[in-house]
Amino acid sequence: MLPATFKLCAGISYRHTRNMTGLRKNAIVAIHHELNRLAGPGPSNWISQVRRRSSLLSSRIEEDEGYDEEEMSYLKQGEDALQKAISILGEQDGWTIETVAANGDKVLSKVLPDIGKVFKLEVMLEQHPDNLYQELVGNMEQMGEWNPNVKQVKILQKIGQDTMVTHEVSAETPGNVVGPRDFVSVRCAKRRGSTCFLAGMSTQHTKMPEQRGVVRAENGPTCIVMKPCAEDPNKTKFTWLLSIDLKGWIPKTIVNKVLSQTQVDFANHLRQRMADNVSMEMAHAC
């Protein structure tokens with residue numbers, strides 16, 4: 001059903017079919033049905049919220065006028081990454097604990113057909129989701145300033161208000177166990193009510209072909225979900241789904257350790273960044 005759904009969606013991206021009301025309506029109905037099916041029985045609250053608020057995907061279909069075929073392709077890739085990530089995160093069974101930090105930060109993993117091993121970070125952050133969304137989406141290109149695992153993030157192209165193509169360069173791990181990698185990704189940022197999403201997957205872009213001396217890795221589907229804590233809306237339940245193929249001849253045991261540790265480190269670096277932002281705001285207010 002999933003491939004057929006996206007073939008139907010892709011059909012409306014062509015100019016001669018954009019005004020075919022029946023096709024547009026069928027695409028929206030198909031996407032709604034697919035989201036409902038993927039969520040499965042007993043979905044979590046944030047997945048229910050996604051479905052209630054008129055589909056993360058159909059909203060884009062209503063706005064496709066004026067995009068060329070390349071832009072429509074990136075829009076569909078971003079939406080595809082988001083839907084796949086929602087499906088994975090909606091399945092609560094089969095996760096294995098990789099590590100639990102002293103502060104309660106947790107990394108879990110599972111192996112999925114056609115994707116491989118995926119990792120899921122679950123943490124509670126002492127920040128409102130809006131502040132985190134602004135840092136991770138609005139200030140995306142500044143990530144290299146506070147996350148030592150990232151050398152650079154550059155936005156190559158923006159498509160509409162929710163989708164962008166980025167180039168990221170990772171730093172080498174201690175001891176150069178894993179050398180620098182770079183990624184070209186399409187990212188889809190959504191806000192639905194009080195819940196924020198940032199999904200992505202690997203893509204290609206003419207502005208950033210593969211670079212000599214740097215391994216082009218692949219990621220996706222990936223997704224960060226930021227949802228207010230039920231007990232305190234100024235705290236955020238932060239979930240990060242990570243799926244990466246680092247390429248190269250690296251033992252899986254090392255890859256698994258590096259990726260799970262990267263997620264734990266990211267949470268700590270993000271906490272420090274947000275604390276620094278608060279300190280700067282207080283200093284400016286004085």
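Figure 1. Arg-273 is buried, with a relative accessible area of 13%. In this predicted model, the residue belongs to helix α8 and is tied to Glu-145 of helix α7 (residues 143-146), so the pair joins parts that are 128 residues apart in sequence. The N to O separation in the salt bridge of Arg-273 and Glu-145 is 3.9 Å. Glu-145 counts as exposed, at 59% relative accessibility. Arg-273 also forms a salt bridge with Glu-135, where the closest N and O atoms are 3.1 Å apart. Glu-135 lies in helix α6 (residues 129-138), and this pair links parts of the chain 138 residues apart. Glu-135 is buried, with a relative accessible area of 3%. Together, Glu-135, Glu-145 and Arg-273 are linked in a network of salt bridges.

**Figure 2. The salt bridge of Asp-105 and Arg-271.** The structure has 13 salt bridges in total, and the view shows one of them, in which the side chains of Asp-105 and Arg-271 meet at 2.8 Å, N to O. Asp-105 is placed in the loop between β1 (96-100) and β2, whereas Arg-271 is in helix α8, so the contact ties together parts that are 166 residues apart in sequence. Asp-105 is buried, with a relative accessible area of 1%, while Arg-271 is partly exposed, at 26%.

Figure 3. How many of the residues of strand β5 are buried? The number is 8 of the 8 (residues 163-170), so the strand is largely enclosed by the rest of the structure. Thr-163, Val-165, His-167 and Val-169 point one way from β5, and Met-164, Thr-166, Glu-168 and Ser-170 point the other way. Strand β4 (residues 150-159) pairs with β5 in the antiparallel sense over 8 bridges, and Val-150 has Ser-170 of β5 as its bridge partner. The hairpin of β4 and β5 has 3 residues between the strands, and Gly-160 within this hairpin takes a positive phi near 70 degrees. With strand β6 (residues 181-192), β5 pairs in the antiparallel sense over 7 bridges; here Thr-166 stands opposite Ser-185.

Figure 4. Most residues other than glycine have a negative phi, and most peptide bonds are trans. The bond from Gly-220 to Pro-221, however, is cis, with omega near 0 degrees. Pro-221 sits in the loop between β9 (218-219) and β10 (222-228). Both Gly-220 and Pro-221 are in contact with Ser-243, as are Ile-115, Val-118, Glu-218, Asn-219 and Thr-222. Ser-243 itself occupies the loop between β11 (236-242) and β12 (244-245) and counts as buried, at 4% relative accessibility.

**Figure 5. Two residues with a positive phi.** Asp-114 is not a glycine, yet its phi is positive, at about 70 degrees. Asp-114 lies in the loop between β2 (106-112) and β3 (116-125) and is exposed, at 86% relative accessibility. Lys-247, likewise not a glycine, has a positive phi of about 60 degrees. Lys-247 is found in the loop between β12 and α8 (252-285) and is partly exposed, with a relative accessible area of 30%.

Figure 6. A disulfide is a covalent bond between the sulfur atoms of two cysteines. The structure holds 0 disulfides.

How values were computed:
Residues numbered from 1 in each chain as written. Predicted model: local features only at pLDDT ≥ 70, side-chain atom pairs only at ≥ 80, totals over all residues. Heavy atoms only, no water. Disulfide = S-S within 2.5 Å. Helix = DSSP H or I, 4+ residues; strand = E, 2+ residues; numbered from the N terminus. Buried < 20%, exposed > 50% of the residue type's maximum accessible area, 1.4 Å probe, protein only. Contact = heavy atoms within 4.5 Å. Pairing = 2+ DSSP bridges. Salt bridge = Lys/Arg side-chain N within 4 Å of Asp/Glu carboxyl O. Lists of a residue's contacts leave out its neighbours within four places in sequence.
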